[in-house]
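Me: Could you walk me through this model, one question at a time?

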Amino acid sequence: MAFELPKLAYAYDALEPHIDARTMEIHHSKHHAGYTNNLNAAIAGTDLEGKSIEEILANISQHSVAVRNNGGGFYNHDLFWKVMSPNGGGKPSGDLLTAIEKDFGSFDAFKEEFSKAAATRFGSGWAWLVKQADGKLVVTSTANQDNPLMDIADVKGTPILGLDVWEHAYYLKFQNRRPDYISVFWEVINWEEVVKRFQD
Amino acid sequence: MEHKLPALPYELGALEPYISKKTLEFHYGKHHQAYITNLNNLIKGTAFEDASLEDIVKHSEGGIFNNGAQVYNHTFYFEAFKPNASAEPNGKLKAAIEASFGSFDNFKAEFSKAGATLFGSGWVWLVVDTAGKLAILKTKNAGNPLRDGFIPILTMDVWEHAYYLDTQNARPKYIENFWNIINWELVEKRFEE
Ligand SMILES: [Fe+2]
Ligand SMILES: [Fe+2]
């Protein structure tokens, strides 16, 4: 069964004024669709057909570069759309906030570390909040479409929040000003979804 | 040595409709300038403070390399454009392209394909290798062929910022446009040096 481009839970213009409708539309209907189609083409006729994306990523070192790039792109964008919401922003609640305070000192310290990881990723990539196997939270970043589920990742674990810092994610609205894009991301984070991923 | 943003040999709007004025305003005025500012800040008090840009590209690492190579790469990229450009090179370069790639069209197709398939951010290069033959290389992010002993003579920026305002996700359209604005006389000069 082929992977399908996931539908967004909100309209393309729903994250305005933080993330503009045109960026959302191209990002979802062109970039994410491209990764999805290319992933399907890369696994067609191989024993990866029918496997879950998580299973594919966990053994990515054994697969082709096309599966790595497009499998990562497929998974990462799906996570990205879900951890954003028109009713987002603020802070997480409960266990996740407690864990963030324990592992980073404070929510603000976490926010600063995550923003810095996103701002300093050179070239294309992602910033992540990752829950490691022992339950500890860490911030990391990956190049291109790699992610912490991949067996080749420097920092491995379950990504529970991710920020796309490819230029396509912000160039139409922010051009060279990546830090401005990073700061609006905090206004649209769907913390309920992040909490759910933290608890799973 | 303080690095400075080199003047462009054409107006910001001169490459339209192939590269828009708006793209150049950001790409040259903001990105290229930022790499220069960052480089100047990073080399202060280091062994690279008085080094040539070429030495920085060849020998530095980390932030100094990333910014220094981006300064080199962008200068190399921007200076090899011109409005009303000829479609193909002439003379020795043309002969060398035909010797290495079969024909100019084959070269163009191979270089274009390298650009379309480079995943993420990076650069495509036409280089002269140590045997004097021409080759096409891809480098990621700030990568530069001088580090591996090649002499670059033409480059194409495929970071998304190079084309996103003009062609968005359609990188191949940007690559098609690229062929209309190459200053082949300059590329020939680089080749013959
Ligand atoms: Fe993206
Ligand atoms: Fe560039």
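Predicted model: local features only at pLDDT ≥ 70, side-chain atom pairs only at ≥ 80, totals over all residues.

**Where the two chains meet**

Me: How many residue pairs are in polar contact across the interface of chain A and chain B?
Reply: Residues are numbered from 1 along each chain as its sequence is written, chains are lettered from A and ligands numbered from 1 in the order in which they are written, and side-chain values use heavy atoms, with hydrogens and water left out. A polar contact is a pair of N or O atoms within 3.5 Å; within protein, one must be able to donate a hydrogen and the other to accept it, and residues adjacent in sequence count only if both atoms are side-chain atoms. With both residues at pLDDT 80 or more, the number of pairs across the interface of chain A and chain B is eight.

Me: Which element gives the most to the side of chain A that touches chain B?
Reply: Helices here are DSSP runs of H or I with at least four residues, numbered from the N terminus. Two elements give two or more residues to that side, α1 (21–43) and α6 (171–174) of chain A. With five residues, the top contributor is α1(A).

Me: How many salt bridges are there between chain A and chain B?
Reply: The rule asks for a side-chain nitrogen of Lys or Arg within 4 Å of a carboxyl oxygen of Asp or Glu. Between chain A and chain B, the count is zero.

Me: How many residues does chain B bring to the contact?
Reply: Contact means heavy atoms within 4.5 Å. Chain A brings 19 residues, and chain B brings 18.
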